[in-house]
2 protein chains.
Amino acid sequence: RMQNSRSKPCSCPSLKMREVASMYFTMVAAFLVILVVALQGSAPRQSDFPYKVPLDPQGLLELSWNVSYPEQAVHFQLLIRDLQFGLLFGMSDRGEFENADLAVLWSDGHNSYFGDAWSDAKGQLHMDSQQDYQLLEARRAPEGLYLLFRRAFSTCDPKDYLIEDGTVHLIYGILEKPVRSLQAINISALHGGLQRVQLLKPNISIPELPSDMKTMEITAPDVVIPSQETTYWCYMAELPEGFPKHHIIMYEPVVTAGNEALVHHMEVFQCAAEFDSFPHYNGPCDSKMKPDRLNYCRHVLAAWAMGAQAFYYPEEAGLAFGGPGSSRYLRLEIHYHNPLVFKGRHDSSGIRLYYTASLRPYDAGIMELGLVYTPVMAIPPGEDSFILTGYCTDKCTQLALPAAGIRIFASQLHTHLAGRKVVTVLSREGRERQVVNADGHYSPHFQEIRMLKEVVAVFPGDELITTCTYNTEDRSRATVGGFGILEEMCVNYVHYYPQTQLELCKSAVDPGYLHRYFNLVNRFNDEEICMCPQVSVPQQFYSIPWNTFNRDVLKSLYGFAPISMHCNKSSAVRFPGEWEKQPLPSITERLREPGPRCPPAPGPQPAAPVPLNLGQLRRD
Amino acid sequence: RMQNSRSKPCSCPSLKMREVASMYFTMVAAFLVILVVALQGSAPRQSDFPYKVPLDPQGLLELSWNVSYPEQAVHFQLLIRDLQFGLLFGMSDRGEFENADLAVLWSDGHNSYFGDAWSDAKGQLHMDSQQDYQLLEARRAPEGLYLLFRRAFSTCDPKDYLIEDGTVHLIYGILEKPVRSLQAINISALHGGLQRVQLLKPNISIPELPSDMKTMEITAPDVVIPSQETTYWCYMAELPEGFPKHHIIMYEPVVTAGNEALVHHMEVFQCAAEFDSFPHYNGPCDSKMKPDRLNYCRHVLAAWAMGAQAFYYPEEAGLAFGGPGSSRYLRLEIHYHNPLVFKGRHDSSGIRLYYTASLRPYDAGIMELGLVYTPVMAIPPGEDSFILTGYCTDKCTQLALPAAGIRIFASQLHTHLAGRKVVTVLSREGRERQVVNADGHYSPHFQEIRMLKEVVAVFPGDELITTCTYNTEDRSRATVGGFGILEEMCVNYVHYYPQTQLELCKSAVDPGYLHRYFNLVNRFNDEEICMCPQVSVPQQFYSIPWNTFNRDVLKSLYGFAPISMHCNKSSAVRFPGEWEKQPLPSITERLREPGPRCPPAPGPQPAAPVPLNLGQLRRD
């Protein structure tokens with residue numbers, strides 16, 4: 001068909017249909033080889049992986065990666081320092097080994113293989129019908145084996161994990177024995193673990209830094225890391241006397257070499273200006289020896305968590321510190337995570353602040369969105385995903401924001417232990433416009449300040465709606481809002497400029513309506529819950545006999561009852577106005593869930609009209 | 001390229017890498033051509049389209065089709081008798097022209113084109129990026145133009161309609177002028193319409209028919225179809241005196257040639273045995289002249305709707321008629337749909353019954369599942385999809401079904417005007433096992449008896465749960481359950497064998513709990529709804545001030561409150577037992593939504609492990 005098919009002497013092979021088909025498949029195979037070669041040719045160099053995190057507490061597995069937004073793909077480089085008989089690496093909803101999406105390297109003792117696999121609800125491994133972890137290179141080096149592979153954010157294979165903004169739970173498992181096949185791997189017997197990272201780092205161009213920029217390191221003074229799994233270490237630092245107002249314009253972690261797997265997260269807090277001095281403490285934060293006054297050091301200056309990089313303020317703004325009305329005292333808090341209970345490790349990690357005296361046009365500010373810390377917002381026990389919502393209403397932003405609006409450039413989501421998802425959405429004139437920050441795999445154990453992919457402009461009259469999803473399946477009584485670790489919060493600390501007086505824009509259900517709810521539950525269920533006024537709201541929640549009706553009606557109440565607004569200059573001072581029994585913001589148009597972007601499926605025909613030879617259609 | 005590329009005399013081509021790639025693409029193109037040819041070669045013959053329906057009231061557009069379950073595809077043959085400048089044909093959720101999935105044939109006055117398109121929410125047409133209506137043939141014939149095309153049930157293109165079991169709303173539009181392009185078509189100006197069909201006819205093998213089979217035609221006696229859009233015609237027929245018990249084992253429509261587009265649906269009812277005789281009426285069913293006694297002719301013997309084919313009973317069963325205890329009188333009801341108001345059309349359509357005196361092993365029976373006809377089950381106004389559920393509980397089936405169970409082989413879903421979806425699911429030991437019948441695009445204007453794809457076995461202790469979804473967006477007051485056309489029903493008439501005494505297995509919420517709900521609404525909303533006992537349930541529903549809370553709490557009530565069961569031998573006689581305040585069946589495991597089956601996406605690599613040349617992994 002493709003050749004001259006008549007038999008002339010010395011002719012080229014005549015291809016019959018069957019041969020064409022066979023040739024076709026051969027060519028496809030050839031093409032795949034070319035593809036692999038091509039991909040290997042374009043495999044990024046080692047310096048092309050700007051993000052790095054140790055996977056295991058010993059740091060034997062080190063993951064580096066980069067993000068290509070044009071390609072909608074992540075390139076991973078995994079360094080395996082002490083390779084045994086293979087490795088599992090992958091992602092799952094919350095770090096579990098069941099229902100996980102895995103890249104697997106395994107050896108049967110003679111040969112080695114790489115494949116894209118998934119684990120079912122029982123942890124049994126299966127080869128994936130679509131191979132989406134694409135191996136680009138496997139390379140021996142003195143320090144270990146490097147595996148380079150690529151993964152699209154979205155593969156549209158229902159067995160694959162969808163890589164989204166926010167937290168990603170990475171998992172790893174080490175094969176200590178040869179295995180006959182992928183299916184023979186017993187996942188429950190593996191030595192493995194999980195690591196949380198923000199995989200999709202925002203693709204932000206770094207603002208120009210001024211020439212007069214200085215640095216200051218707030219670091220632990222050669223601390224011996226306690227030989228226990230969890231330590232929060234507190235160290236007090238002090239700015240020089242008479243230190244004038246500066247702008248922090250950037251900060252980055254300083255992690256002692258060798259301790260990369262132990263330093264989990266670090267924060268620098270500024271102390272309250274009302275105290276002239278603070279004691280110079282250096283020790284565990286939960287020690288009885290810790291002076292109480294350190295509790296007044298809570299204003300976040302900088303926060304870092306494992307896997308995060310340098311934090312840059314936008315070029316128009318900086319975080320003010322120093323100068324009159326600002327405390328000279330800083331508290332460094334380091335969370336050491338030492339599950340293997342190493343002894344005698346010394347550490348001098350901390351945060352390096354980059355600051356300038358050439359003040360930028362705007363001071364940056366931090367605002368709290370979400371729910372007021374009050375027990376009236378509660379979660380029934382036994383729920384797998386109960387939703388609470390906190391509002392920053394149009395009335396408050398109308399009053400408190402400048403006409404030119406504010407720009408939110410970073411966000412830190414916060415809940416206590418039951419939190420599973422957090423999202424803040426901007427709504428204008430009743431229509432949801434933009435996601436401010438969303439984490440569908442939120443973990444209370446991984447709270448970092450995240451730069452936003454795009455700066456969000458908020459104007460007077462806009463509404464900011466923060467929704468938290470909780471899991472209380474392991475609890476037997478209601479979880480109420482509050483400060484305790486077993487109580488809950490729903491907060492988004494947004495970093496913005498220019499700074500305004502508005503520090504808190506949060507809500508809670510109207511307490512009178514909640515009282516009606518308790519009443520209703522009482523009557524409807526023929527129950528004798530004490531409604532006596534001296535009984536506290538938590539006690540009333542604890543005495544509710546939970547069933548689907550009481551649960552559903554509480555949901556309906558939270559979705560209907562008016563709210564009490566905290567539109568505050570500080571935690572105690574409200575803006576003037578009526579803030580009780582405010583109507584719930586009404587949303588007439590929701591943002592669409594972004595559907596997974598699939599690679600285009602092979603159309604049976606190309607996307608062009610098919611010309612037909614019908615002559616003129618109309619017969620005259 | 002496929003030829004000798006260097007100029008040596010008579011050598012065979014040496015293929016360089018680049019040439020291989022180019023060759024690859026040429027081959028792919030060649031392969032596609034072969035594919036298209038192959039499809040055309042396998043294009044079904046005209047006799048291969050067993051199902052046929054006129055699309056328009058004049059019958060100028062005639063659709064035939066077949067269903068291939070192995071291919072998961074439908075082949076359409078569209079006959080266009082009077083082609084002008086093209087045609088739109090497609091599918092949409094409920095027959096609207098917005099958000100529709102369309103195959104379009106159009107002419108610019110010179111050339112004709114065919115393409116797969118979709119319309120957006122404003123009715124603007126777009127070419128589909130994936131062409132899933134595959135044109136197989138376009139052929140002129142004396143009677144018109146035949147278009148043959150193929151469409152997979154599921155294409156995984158989010159713009160495409162998913163072809164599912166149950167009702168499909170087909171739409172058509174006629175292009176009366178040439179158009180420059182697909183995008184230039186103004187959908188709102190088209191002459192067009194909709195036609196409802198069950199596209200995915202079950203693939204049932206036809207049972208063997210006995211040699212002594214006889215036929216009886218129950219047909220209209222040369223009726224002149226009234227020149228009005230809607231007529232229900234009633235005609236009384238009579239079985240011969242002393243007609244013994246027979247089994248109806250099959251029936252089929254008899255439609256007068258030329259009236260295919262006017263005869264919308266037909267039913268044959270048997271009259272009540274308690275009356276010795278019935279008047280011989282022949283006229284409109286809503287005429288004042290119609291004798292009241294005809295209201296006692298309600299036992300369905302046969303039902304047909306446009307697009308349906310012959311109905312076969314399973315070979316073990318037949319529908320009993322004739323013999324003692326059975327009325328000799330039958331009522332034929334024909335719905336004429338005459339929107340173009342044709343005058344003077346004569347019609348002798350009806351139903352041909354096939355019956356046998358050689359009784360089959362089992363009598364077939366009909367059972368009503370779903371909700372009791374009572375106002376306690378109500379739908380708030382302004383809802384786009386409010387759900388009500390009726391239960392046939394384990395306790396009732398335990399009591400009423402034989403140990404060997406029953407077999408459901410056909411089903412007719414029924415609601416009034418607000419019904420949008422109906423589904424019945426079989427649950428056993430709290431786990432949903434099987435869908436009995438589901439229609440996600442249910443229309444109250446298209447209620448046919450449908451043979452099930454698979455016979456469903458129901459055993460004592462099983463539960464049958466029927467769920468209806470309603471739309472009341474156009475209503476300003478609550479819609480309560482009841483017999484009126486503006487009241488609602490939620491019923492599945494299931495056809496089964498062997499016949500049992502159980503005729504009704506339906507539920508409604510406990511009236512006491514509903515009373516508590518009215519009470520709660522009263523108190524919670526500070527409203528003065530008259531709770532006086534003399535006020536009827538509908539009046540109480542009508543006086544509720546509807547808001548999200550009252551709506552949500554009603555939903556919660558229906559999902560929580562105990563039920564009153566009708567486990568009845570006939571509409572008035574209950575089985576012995578306690579049927580009030582019964583617990584709602586609890587479901588611990590739901591059936592999974594069947595995900596759309598997509599054609600496999602092209603994996604970047606084949607689904608096999610990639611062998612690596614790493615030597616032995618472990619270095620000893």
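Which domains does the domain assignment give for chain A? I looked this up before anything else.

**Entry: ground rules**

I am working on a predicted model, where local features need pLDDT of at least 70, side-chain atom pairs count only at pLDDT 80 or more, and totals for chains, interfaces and linings use all residues. Residues are numbered from 1 along each chain as its sequence is written, chains are lettered from A and ligands numbered from 1 in the order in which they are written, and side-chain values use heavy atoms, with hydrogens and water left out.

**Entry: domains of chain A**

I found domain 1 (51–199), domain 2 (209–360) and domain 3 (365–525 + 546–594) in the assignment for chain A. Such bounds come from an automatic or database domain assignment. Taken over C-alpha atoms, the centres of domain 1 and domain 2 of chain A are separated by 34 Å. Their contact takes 11 residues from domain 1 of chain A and 9 residues from domain 2 of chain A, contact being heavy atoms within 4.5 Å.

I then looked up the buried area, that is, the accessible area (1.4 Å probe) that two parts lose on being put together, summed over both. For domain 1 and domain 2 of chain A I noted about 710 Å², with 72% of it on carbon and sulfur atoms. Tyr51(A), Pro54(A) and Pro57(A) supply 56% of the area that domain 1 of chain A buries against domain 2 of chain A, more than any other three residues.

Which elements give two or more residues to the side of domain 1 of chain A that touches domain 2 of chain A? I have strand S1 (51–54) and strand S11 (191–198) of chain A; strands here are DSSP runs (E, at least two residues), numbered from the N terminus. S1(A) gives the most to that side, with 4 residues.

I searched the interface of domain 1 and domain 2 of chain A for salt bridges (a side-chain nitrogen of Lys or Arg within 4 Å of a carboxyl oxygen of Asp or Glu), and the count was 0.

**Entry: salt bridges elsewhere**

Over all chains, the search of the whole structure finds 47 salt bridges. I picked out one of them, in which the side chains of Glu252(B) and Arg352(B) meet at 2.6 Å, N to O. The pair links distant parts of the chain, 100 residues apart: Glu252(B) lies in strand S15 (residues 246–254) of chain B and Arg352(B) in strand S23 (residues 350–356) of chain B.

**Entry: two open sheets**

In chain B I traced an open sheet of 5 strands in the order S1-S2-S3-S9-S8, with antiparallel pairing. Two strands pair if DSSP finds at least two bridges between them. Strand S1 (51–54) and strand S8 (134–141) of chain B are the edge strands, each pairing on one side only. The twist averages 20 degrees from one strand to the next. S1(B) is joined to strand S2 (residues 61–68) of chain B by 4 bridges, and Val53(B) has Leu63(B) as its bridge partner in S2(B).

In chain A I traced an open sheet of 5 strands in the order S17-S14-S21-S16-S18, again with antiparallel pairing. The edges are strand S17 (282–284) and strand S18 (299–305) of chain A. Strand S16 (residues 263–270) of chain A and S18(A) run antiparallel and are joined by 6 bridges. Met266(A) stands opposite Trp304(A) in S18(A).

**Entry: backbone exceptions**

Most residues other than glycine have a negative phi, and most peptide bonds are trans. I noted a cis peptide bond between Tyr497(A) and Pro498(A), with omega about -10 degrees. Pro498(A) is in the loop between strand S34 (491–497) and strand S35 (504–509) of chain A. In chain B a cis peptide bond joins Tyr497(B) and Pro498(B), with omega about -10 degrees.

I located Asp222(B) in the loop between strand S12 (214–219) and strand S13 (223–224) of chain B.

Conventions
Axes are lines fitted to C-alpha atoms, for helices over the stretch in contact, and angles run from 0 to 180 degrees between N-to-C directions.
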